[in-house]
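User: Could we go through this model together? I would like to discuss its helices and aromatic residues.

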Amino acid sequence: MDDYPLLNIFLTTMWFFIWVLWIMLLFRVFADLFRDDSVSGWGKAGWSIFLILLPFLGVFVYLIARGKGMGMRETARVQQAESEFRGYVQEAAGEAKKPSTAQELAHLAELRRSGDISEEEYQRAKALVLS
């Protein structure tokens, strides 16, 4: 441990984290590239070759050329996912709240049998449920 000064440990750690951040950025660029429907197959192939052959330059050129759109595409993707989720939850909650016609008729029949409602009230409620 005496052969490796504290500053070298710090610099090695810093370079390691910079490398990890660059790898994350490279994956983010590839994810954005392949999720974007506006880029043709040939465009995706060209960008991929550029990113594989010259990764550092390729990532920086991609960020300069298409960086602003990355944020907008991600925002649109998140908003769409959130709206689909909200729609699903509202649909599921609506189905859970509203009993089926058969359940309502069975409940009315039970109320009539127990004497809680008269035959006339039963017929009116039944007509409402069936209409």
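Analyst: The turns below cover the helices, a surface patch and the aromatic contacts. This is a predicted model, in which local features need pLDDT of at least 70, side-chain atom pairs count only at pLDDT 80 or more, and totals for chains, interfaces and linings use all residues. Residues are numbered from 1 along each chain as its sequence is written, and side-chain values use heavy atoms, with hydrogens and water left out.

User: How many residues does α1 have, and what does it reach from end to end?

Analyst: Helix α1 has 30 residues and reaches 43 Å from its first C-alpha to its last, close to the 44 Å expected at 1.5 Å a residue. Helices are DSSP runs of H or I with at least four residues, numbered from the N terminus. The expected span is 1.5 Å times one less than the number of residues.

User: Which residues in α1 are buried?

Analyst: W22, L26, V29, F30, D32 and L33 are buried in α1. Buried means under 20% relative accessible area, exposed means over 50%, and partly exposed lies in between, with a 1.4 Å probe and protein chains only.

User: And L11, where is that found?

Analyst: L11 is also found in helix α1, residues 6-35. Its relative accessible area is 33%, so L11 is partly exposed. L7, F10, L11, M14, W15 and I18 make a nonpolar surface patch of about 610 Å². Such a patch takes residues with over 30% relative accessible area and no salt bridge, and joins nonpolar side chains (Val, Leu, Ile, Met, Phe, Trp, Tyr) within 5 Å, while like charges are joined within 9 Å. A salt bridge is a side-chain nitrogen of Lys or Arg within 4 Å of a carboxyl oxygen of Asp or Glu.

User: Changing topic: how many aromatic pairs are there?

Analyst: The structure holds 6 aromatic pairs. In one of them, the ring centres of F16 and W19 are 6.3 Å apart with planes at 35 degrees, so the pair is tilted. Rings of Phe, Tyr and Trp (its six-membered ring) pair if their centres lie within 6.5 Å; planes under 30 degrees apart count as stacked, over 60 as edge-to-face and the rest as tilted.

User: Where do F16 and W19 lie?

Analyst: Both lie in helix α1, 3 residues apart, about one turn of the helix. W47 and Y62 form an edge-to-face pair, 4.9 Å centre to centre with 85 degrees between the planes. That pair links distant parts of the chain, with W47 in helix α2 and Y62 in helix α3, 15 residues apart.

User: Are W47 and Y62 buried or exposed?

Analyst: Both W47 and Y62 are buried.

Notes. Accessible areas come from the Shrake-Rupley method with a 1.4 Å probe; for residues, only the protein chains shown count as cover. Helices (H or I, at least four residues) and strands (E, at least two) are DSSP runs, numbered from the N terminus.
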